[in-house]
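Try each task before you read its solution.

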Amino acid sequence: MIHSALSVTVALSFLTATILSVLSLPLAGWIVFSRSSWTTLGESILTLTLVLPPAVLGYLLLVAFSPDSLPGSLMARLLGHPLPFSFAGLLLASLIYSLPFAVQPVAQSFRQIPLRTLEMARILGAPPFTVFRKIVVPMSLPGLATGWVLGFAHTVGEFGVVMMVGGNIPGETRTLSLKAYDDLLSMKAHGARDSVLLLLLFSSVSLVALNLLRRKGVDSHASDAP
Amino acid sequence: MRPMPLEVDLVLPGRGAALSGRRVVFTLSRDSGILGLCGPSGSGKTTLLRVMAGLCPKASGVVRVDGVSWLDSNLGTDLPLERRPVAYLPQGVSLFPHMNVRENLVFASRLAESAGFGKRPPSAGRLSGFRSILRGGSLPGWAQEVVELFGVSRLLDKRSGELSGGQAARIALARCFLRSARLYLLDEPFAGVDPEGRAGLGRILAGLLARRKAMALLVTHTPDELCPLAFGMVRLLPEEDGDESPGLPVQQGQMSGTGAKGLLERSGRWE
């Protein structure tokens, strides 16, 4: 039982973190480098899930995912089954819920790149996309890694959204945190303890990784000075 | 009549809010060579170079190269950096920290090639992209020549943090000259280089400019050193303190009084 909950959790968190890392590049690029005044609105929507109660978000997502709604019916036709209470639905919900955690560190590293470095690339004749690909992204690798770890850790620990959108189906949408809750309710103390220990392990590994990344980031910035 | 190679008549925007219209006028009648630019700190040397490179949107006046207006605020012309045949070496430039020296130079040479400079092998559409992957991080032959000219071929595998100030300055110069331009704007390119090295670098620069039929505007704090190389010197005078008391924001309208604080002085030929 714990194996299936573990594999669902790891698969969900890995996919969420990886997809978000890819998405964070254009999103953070737009927030940091676009001169459009829409970026403020975009950034607010992006960080909305930070302050929204998970139950509210879960409810809203359920409504949006339901086959009665337009986006839900489109997705259902695409996938061949309705989104709620499926792994695909759970993944989509996690992507939305963990988005700010993966994007903010990347945006932060984009902001830390000195303007004169970007200007230098432009002076050498680099078009904007080349500057992004060859200068901005390679210089933001610690931020990307931090975003991945945060997205992963945050998805591992999520509870409310997973509960509402996933429906706690063993082997498909039951994650470790849901299993810990279930086991506790049904008085299976050992099962709950194992899940909690695994969750603790994930959190501590993430913390160590984040600290290592931060130190690395500091080092690379210290060596920037010529 | 042949157009003047370089005509500059600018009102420099001041720093920050203090828009003190300072006028700079000079022309260059020779087709190639080095024109020195000196003046005390804060006299607007870097601003002048940035305006000429097209990096300063607040500039007003005229910059004309070979009769082509790069900037003419009366006509509303202001070519962006990308459309000016100009190469700019900012002061105290650092190399891209995530690349080693070779990668820095390869990056610049690829960009120069895509702008149509250098002897690019005849490319056959899709194959050329594949070939450039095969070539990997190697410098094309024409770029290798520039690198050897500046004497930095031994440093190619170093990281930017491992270089001395003088070495970094040479590499930045080499990287700047990978770009083909009509006008090179060099902001203290010899900073950190020892005196013997400076003289050598100056000769290399003069030779390269003569071969490329290009002009350079070179900022220096030691005009005497530049005498044997430059054929003229533009001296910016220090900003006069006076009417506006410091700390008070100056209204933008006040800058229309162009030339109120003139600062042009163009010396003749230096022998």
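## Before you start

This is a predicted model, in which local features need pLDDT of at least 70, side-chain atom pairs count only at pLDDT 80 or more, and totals for chains, interfaces and linings use all residues. Residues are numbered from 1 along each chain as its sequence is written, chains are lettered from A and ligands numbered from 1 in the order in which they are written, and side-chain values use heavy atoms, with hydrogens and water left out.

## Exercise 1: chain A as a whole

Task: Work out which secondary structure chain A has, and how much of the chain is buried.

Solution. 

Step 1. Go through the helices and strands, which are DSSP runs numbered from the N terminus (helices are H or I with at least four residues, strands are E with at least two). Chain A has eleven helices and zero strands.

Step 2. Turn to burial, where buried means under 20% relative accessible area, exposed over 50%, and partly exposed in between (1.4 Å probe, protein chains only). Of the 226 residues in chain A, 43% are buried.

Step 3. Look at contacts, meaning heavy atoms within 4.5 Å. Among the contacts in chain A with a separation of 6 or more, 72% link residues 24 or more positions apart.

## Exercise 2: a serine in a loop

Task: Find the place of S140(A), and say whether this serine is buried or exposed.

Solution. 

Step 1. S140(A) sits in the loop between α7 (128-139) and α8 (141-157) of chain A.

Step 2. With a relative accessible area of 0%, S140(A) is buried.

Step 3. Follow the side chain of S140(A): it reaches the backbone oxygen of V136(A) at 2.7 Å.

Step 4. Set aside neighbours within four places in sequence, and S140(A) is in contact with S109(A), F110(A) and I113(A).

## Exercise 3: the antiparallel sheet of chain B

Task: Which strands of chain B make up the open sheet with antiparallel pairing, and in what order?

Solution. 

Step 1. Two strands pair if DSSP finds at least two bridges between them. The order of the five strands in this open sheet is β2-β1-β4-β5-β6 (chain B).

Step 2. Find the edges: β2 (22-28) and β6 (77-78) of chain B each have a single partner strand, so one side of each lacks a neighbour in the sheet.

Step 3. Check one pair. Strand β1 (residues 6-12) of chain B is joined to β2(B) by seven bridges, and D9(B) stands opposite V25(B) in β2(B).

Step 4. Helix α1 (residues 45-53) of chain B touches β1, β2, β4 (60-65) and β5 (68-72) of chain B, and its direction makes about 120° with that of β1(B). Such axes are lines fitted to C-alpha atoms, for helices over the stretch in contact, and angles run from 0 to 180 degrees between N-to-C directions.

Step 5. Pick a residue in that helix. T47(B) lies in α1 of chain B and is buried, with a relative accessible area of 19%. Beyond its neighbours within four places in sequence, T47(B) is in contact with L12(B) and P13(B).

## Exercise 4: the parallel sheet of chain B

Task: Give the strand order of the open sheet with parallel pairing, then find the bridge partners of I34(B) and G36(B).

Solution. 

Step 1. The five strands lie in the order β7-β8-β9-β3-β10 (chain B). From one strand to the next, the twist averages 15°.

Step 2. Strand β3 (residues 33-38) of chain B is mostly covered, with six of its six residues buried.

Step 3. G33(B), L35(B) and L37(B) point one way from β3(B), while I34(B), G36(B) and C38(B) point the other way. In a regular strand the side chains alternate between the two faces of the sheet.

Step 4. Five bridges pair β3(B) with strand β9 (residues 215-219) of chain B, where I34(B) has A216(B) as its bridge partner.

Step 5. Three bridges pair β3(B) with strand β10 (residues 233-235) of chain B, where G36(B) has M233(B) as its bridge partner.

## Exercise 5: the cysteines

Solution. 

Step 1. C176(B) is buried, with a relative accessible area of 4%, and C38(B) is buried at 3%.

Note on methods. A polar contact is a pair of N or O atoms within 3.5 Å; within protein, one must be able to donate a hydrogen and the other to accept it, and residues adjacent in sequence count only if both atoms are side-chain atoms.
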